[in-house]
Amino acid sequence: MATLAGAARTAGRTVPRMDQAAYLAAREICRALPSTGPPSSTVVEFSLRSQGIIDPPPHMVIANLPVGLEDEVLDQLGGRFRQILGHKEFSRVGIGVVIPTATPRLQRVLVALLENRVDLEPMPRRLAMGQQVSLRFRAASSHHGIQLVVTPPDGKTVTTPLAGEGLLSAPLACRRRGVYQVEVTGEGQFGPEVLANFPVYCDQDPPVRVTYAAVRPLGDDSEQLERELFEGTNRVRRKTRLPELRREQRLTVVARKHSRDMRDNRFVGHVSPTTGRPIDRLRAAGVLHLVVRENVAQAYSTEEALRELLNSPAHRENILSRDVTEMGIGIVVDRRASTAVMLVTQLFMKPGKAYNPATAKQDVLAAIRRGRSKVGLGLLKVDATLDQLAGEYVLEVIAGGDRKAKADATLAAALRHLGNRFHRIDGLHVRVSVIDALEQAEEIKRKRYSSVGIGVGQVGEQVLIFLLLAGE
């Protein structure tokens with residue numbers, strides 16, 4: 001502990017406090033260490049949850065302690081601690097010094113560093129059928145936009161935004177026998193992050209033992225690792241009767257670059273200091289999309305990565321999303337630590353159609369049809385007069401300068417003359433990256449409209465759409 005404290009002061013960080021629950025968890029993880037390679041994520045999760053620790057997996061430092069060489073090992077640990085603490089602050093620590101079952105002649109030390117982003121008031125791990133409790137917690141001040149994300153035993157994830165500051169509260173009810181996976185997320189420096197993740201058992205006892213297998217060391221073939229995770233993700237989708245996702249090479253390239261960025265700049269998150277958000281990275285790569293979702297993770301194997309992502313309600317929702325059709329996975333192995341670790345980026349996308357002036361109006365009309373069909377409404381009739389007015393208006397707007405003001409006046413005068421034909425006429429002016437995005441507009445899904453006029457053009461990288469929506 002003295003070595004860790006000295007490293008923290010050198011790095012200008014607060015010294016992590018010793019924690020009894022983290023100490024007990026670290027001992028159990030250390031006891032289950034294999035002779036080589038990282039600890040099993042199954043053991044890590046079981047040890048943390050058994051001690052009531054709800055934080056994300058800790059940063060672990062592992063070393064052998066040969067008799068007579070303790071001082072030399074401590075010097076080496078000091079250098080590693082300074083490097084780790086130079087990039088991140090931790091609030092709690094557990095230190096286990098144990099002779100693991102797999103290496104009966106070798107004493108080892110495992111240091112588990114925890115960030116402690118959420119303070120949860122004590123609550124039972126097991127609920128009786130029909131019992132309801134209140135989850136009461138405080139999130140770290142470094143995060144905002146706090147959400148509670150719960151996956152009940154039926155697998156249907158429910159997300160609840162929590163407003164306010166300080167002590168936050170949300171109900172959790174035991175209505176179906178099984179495991180409720182509970183997660184707290186918040187917006188931080190690198191975008192949405194998992195602040196806490198833990199199971200609550202409904203009408204069944206928490207597990208008291210765990211079965212695990214040793215994790216095989218990571219190889220050098222990142223493409224093979226990507227294929228393994230791609231196939232594993234589609235295997236999960238098949239089991240839930242969802243269509244498989246196609247592998248998209250452009251997404252794969254973007255995902256690999258982001259994983260490399262996370263490794264090189266020592267962060268795991270969606271918002272990069274250099275490339276911005278997922279949509280910024282796709283836009284820079286020229287990838288048109290209607291929907292994009294992203295998972296990022298750090299893991300010692302593809303099996304562990306998939307298991308951890310599925311244990312996170314927010315990440316699980318992305319994997320089992322119904323609104324995407326394509327996937328790209330990028331994996332980069334970081335070998336700077338004592339145990340090699342993967343940086344993983346999963347990108348999920350529904351592609352958007354590129355702007356084509358020859359088919360743009362038909363594409364707009366198709367997007368309107370899809371949007372209205374989702375709410376059980378029929379087609380809009382294209383009115384020739386409205387269509388001409390909308391088309392002329394868009395041409396004037398694209399021309400720029402003071403022509404938009406004149407176009408507004410001309411359009412208003414023309415619409416006044418149509419007052420006897422339509423009960424009301426509304427204008428909808430949108431700029432989108434792909435025409436398909438129009439189907440999400442709430443304005444096109446209103447029952448009061450029966451006719452439409454369409455104007456569409458391109459301004460730079462955006463598509464300009466102007467609709468005249470009329471009701472008779």
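Is Asn318 buried or exposed? In this predicted model, Asn318 is buried, since its relative accessible area of 11% falls under the 20% limit that defines burial. The residue belongs to helix H9, which spans residues 313–319. Its side chain forms a polar contact of 2.9 Å with the side chain of Arg293. When residues up to four places away in sequence are set aside, Asn318 touches Arg293, Glu294, Asn295 and Phe348.

The setting of this residue is a protein chain of 472 residues, of which 48% are buried. The secondary structure of the chain amounts to 12 helices and 20 strands, and its C-alpha atoms occupy a box of roughly 95 × 50 × 40 Å along the principal axes. Among the contacts with a separation of 6 or more, 70% are made by residues 24 or more positions apart in the chain.

Helix H6 covers residues 249–265, and its 17 residues reach 24 Å from the first C-alpha to the last, close to the 24 Å expected at 1.5 Å a residue. At the N-terminal end, H6 is capped by Glu248, a side-chain oxygen of which lies 2.6 Å from the backbone nitrogen of Arg250. At the other end, the helix is followed by Arg266, whose phi is positive, near 55 degrees. In general, an α-helix has 3.6 residues a turn, so residues three or four places apart point the same way.

Leaving out residues up to four places away in sequence, Arg256 touches Glu223, Glu226, Arg247, Gln249, Gly330 and Val332. Arg256 and Pro38 are separated by 218 residues in sequence, and their C-alpha atoms are 23 Å apart in space.

A further helix, H11, runs through residues 384–399; it has 16 residues and extends 23 Å from its first C-alpha to its last, close to the 22 Å expected at 1.5 Å a residue. Asp383 caps the N-terminal end of H11, with a side-chain oxygen 3.1 Å from the backbone nitrogen of Thr385, and the helix is followed by Gly400, whose phi is positive, near 80 degrees. Leu386, Asp387, Leu389, Ala390, Gly391, Tyr393, Val394 and Val397 are the buried residues of H11. These buried residues are covered by elements that include helices H10 (360–373) and H12 (403–417), and strands S17 (381–382), S18 (424–432), S19 (451–459) and S20 (462–471).

In helix H8, the residues Thr302, Glu304, Ala305, Leu306, Leu309 and Leu310 are buried. Their cover includes helix H3 (41–50), H5 and H9, along with strands S14, S15 and S16.

By residue class, the lining of the largest cavity divides into 4 nonpolar, 3 polar and 3 charged residues.

Positive phi angles also occur in loops. Asn116, which is not a glycine, has a positive phi of about 55 degrees and lies in the loop between strand S4 (108–114) and strand S5 (118–120). Arg241, also not a glycine, has a positive phi of about 60 degrees and is found in the loop between H5 and S13. With a relative accessibility of 80%, Arg241 counts as exposed, because the limit for exposure is over 50%.

Definitions and conventions:
Residues are numbered from 1 along each chain as its sequence is written. Side-chain values use heavy atoms; hydrogens and water are left out. Helices (H or I, at least four residues) and strands (E, at least two) are DSSP runs, numbered from the N terminus. The expected span of a helix is 1.5 Å times one less than its number of residues. A polar contact is a pair of N or O atoms within 3.5 Å; within protein, one must be able to donate a hydrogen and the other to accept it, and residues adjacent in sequence count only if both atoms are side-chain atoms. Ala, Val, Leu, Ile, Met, Phe, Trp, Tyr, Cys and Pro count as nonpolar, Asp, Glu, Lys and Arg as charged, and the others, Gly among them, as polar. Contact means heavy atoms within 4.5 Å. Buried means under 20% relative accessible area, exposed over 50%, partly exposed in between (1.4 Å probe, protein chains only).
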